[in-house]
Amino acid sequence: MTVGDLDGNVARMAGWARRATEAGADVIAFPELAITGYPPEDLVLRPAFVDANLEALNALAAETASGCAIVTGFVDRSDDGLHNAAAVLAGGRVSARYHKVRLPNYGVFDEARTFVPGRSSCTFRLESEEMGLSICEDAWGPGMPWTDYARERVPVILNVNGSPYHRGKAGERIEVCRARAAETGAWIVYVNMVGGQDELVFDGGSMVVAPDGSVARRAAMFEEDLLVVDLPLEAADAEVARSDAEWPVEPEDVYRALTLGLRDYARKNDFRQVAIGLSGGVDSALVACLAADALGPHAVRTVAMPSVYSSPESLRDAEEVARRIGADLTEIPIAHVFDAYLHALAGVFEGTKPGVAEENLQARIRGNYLMAISNRFGSLVLATGNKSEYAVGYATLYGDMSGGFAPIKDVPKTLVYDLCRWRNARAEAAGQTPPIPEQVMTKPPSAELRPDQKDTDSLPPYEILDPIIEAYVEDDRSPEDLEAEGFDPETVRRVVRMIDRSEYKRRQAAPGIKITPKAFGRDRRLPITNAFWRDS
């Protein structure tokens, strides 16, 4: 589904509904707000958008009148206000409506801003079976509507979702469904969205959970799937069916989330080509590989921009990465432009010591080159910074942070290496040349903006840095907590100061794919002007 593409979303659902009808299904369930796409955010504050979504709902009902019943998400309007809603469509009309009771207002969710909660449960009868409706967050706690369904002994309850991916999320969903099955004694049919929407990736993983809490059936992850299930399942059928879709585990699931998110961001925003500054380092190599997998090598333009500090090995590594993924590589040296900048600034810089300003000039020249290519050819520039760098500000505004999308913005540096190793192993298993040369992963990380520079000149080793970032950013742990766990106090205080001081940089960063429980941006909203860190 695509946010705002009402006609396209209706056509897509009508096509799947025809397939379900041909497969003998009595009802097909689509995700939360499938009519509008999820999340529609402040689009729902426009009356014309809500009207158009209601018209699209009726159009879907009319188009599928002769087929199976449909459950789908949409935006409803009542005297109370706007609702995140689900409708049952049968015989060409809307036969039932349900309004989401629990509105999430944390992390990436902001539904209390636009919607009002529903007040009641909703059951509908299909053939001889009664079914209950619920939407996403409704399932993440006991109470309404589950108390009603338990009291009424509703045998099957649909839960339609727009549940975004993060590491470990699939296991959390299973536990939630098990809890609701135990509460109601019902079969829980969990239906989730698939696709990328800005920073979010919806990973699918729809499933049927039996009253005893076992996962009886499961659909594919990271791809659209039609799972036809006869309920109630006999025990033998359920046992056989458990193997109907293998769910990927880490790091494969992260890689697939990044690929899906990048593909949909480019496709849904009408970009046919991406441009990447290929340095010969591991981050840009991973981003280039992701782009080739997501969009095809023909859509990937890579640019090597060596300076006087770039090693010959780095240029050769960049060339080898481009060759292995089948992408075009253009070399544009920056040394002469860098000299021109230094000459122009000589008077301003006179009497000062060379340092970060000169280093950042090089990154900004590269950013300018990439944005010029974007302007000329309509390419989407992909920033190649990772979460570790963005966390501590080890990135240059208007330099390597330039771009329209940052695919690995939420990927810690240590996970970058894991993803590269997994992708290479997959290639080797298929009898292919690994896309990322071994020397790219084994050489010490360096920005190569001054002689013999290494990341560890400015940062703790990533094996130490990443756990501190995870604890402070994702878990909101205090420096004192980390020191009590055995982290070096001086290192902790230094890293925390760097994280807090860099908020203004992150606020100007390109959007990137969320893969951790708390990503920078919509997940973590801190003031730029903030003196609290001084007390840390």
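Modeller: In this predicted model, Glu 111 forms a salt bridge with Lys 100, and the closest N and O atoms of the two are 3.1 Å apart. Both residues belong to the loop between S4 and strand S5 (123–126), where they sit eleven residues apart. Glu 111 is buried, since its relative accessible area is 4%, and Lys 100 likewise counts as buried, at 1% relative accessibility; the cut-off for calling a residue buried is under 20% relative accessible area.

Arg 93 is exposed, with a relative accessible area of 53%, and, leaving aside residues up to four places away in sequence, Arg 93 touches Ala 61 and Val 88. Between Arg 93 and Thr 396 there are 55 Å in space, C-alpha to C-alpha, and the two are 303 residues apart in sequence.

Another of them brings together the side chains of Glu 224 and Arg 12, at 2.9 Å from N to O. This pair links distant parts of the chain, as Glu 224 lies in the loop between S12 and H5 while Arg 12 lies in helix H1 (residues 6–22), 212 residues away. Glu 224 counts as partly exposed, at 33% relative accessibility, and Arg 12 is partly exposed as well, with a relative accessible area of 41%.

A further salt bridge joins the side chains of Glu 474 and Lys 387, with 3.0 Å from N to O. Because Glu 474 lies in helix H14 (residues 462–474) and Lys 387 in helix H11 (residues 387–392), this pair ties together parts that are 87 residues apart in sequence. Glu 474 and Lys 387 are both buried. Elsewhere, salt bridges that share partners join Glu 503, Arg 506, Arg 507 and Arg 524 into one network.

The loop between strand S12 (215–218) and helix H5 (235–241), the one that carries Glu 224, is also the place of Pro 232. A cis peptide bond joins Leu 231 and Pro 232 there, with omega at about 0°. The peptide bond from Glu 250 to Pro 251 is cis too, with omega near 5°, and Pro 251 is found in the loop between H5 and helix H6 (252–268).

In soluble globular proteins, nonpolar side chains tend to be buried together. Here the largest nonpolar core has 90 residues, and those with the most contacts inside it are Phe 124, Leu 133, Leu 258, Leu 382 and Ile 515. Its largest share, eleven residues, comes from helix H7 (residues 282–295). Leu 258 touches a number of residues beyond four places away in sequence, among them Leu 290, Pro 407, Ile 408 and Ile 515. There is also a second, separate core of 38 residues, which includes Met 13, Leu 57, Ala 85 and Ala 87.

How values were computed. Residues are numbered from 1 along each chain as its sequence is written. This is a predicted model: local features need pLDDT of at least 70, side-chain atom pairs count only at pLDDT 80 or more; totals for chains, interfaces and linings use all residues. Side-chain values use heavy atoms; hydrogens and water are left out. Helices (H or I, at least four residues) and strands (E, at least two) are DSSP runs, numbered from the N terminus. A nonpolar core is a set of buried Ala, Val, Leu, Ile, Met, Phe, Trp, Tyr and Cys residues joined through side-chain atoms within 4.5 Å. Buried means under 20% relative accessible area, exposed over 50%, partly exposed in between (1.4 Å probe, protein chains only). Contact means heavy atoms within 4.5 Å. A salt bridge is a side-chain nitrogen of Lys or Arg within 4 Å of a carboxyl oxygen of Asp or Glu.
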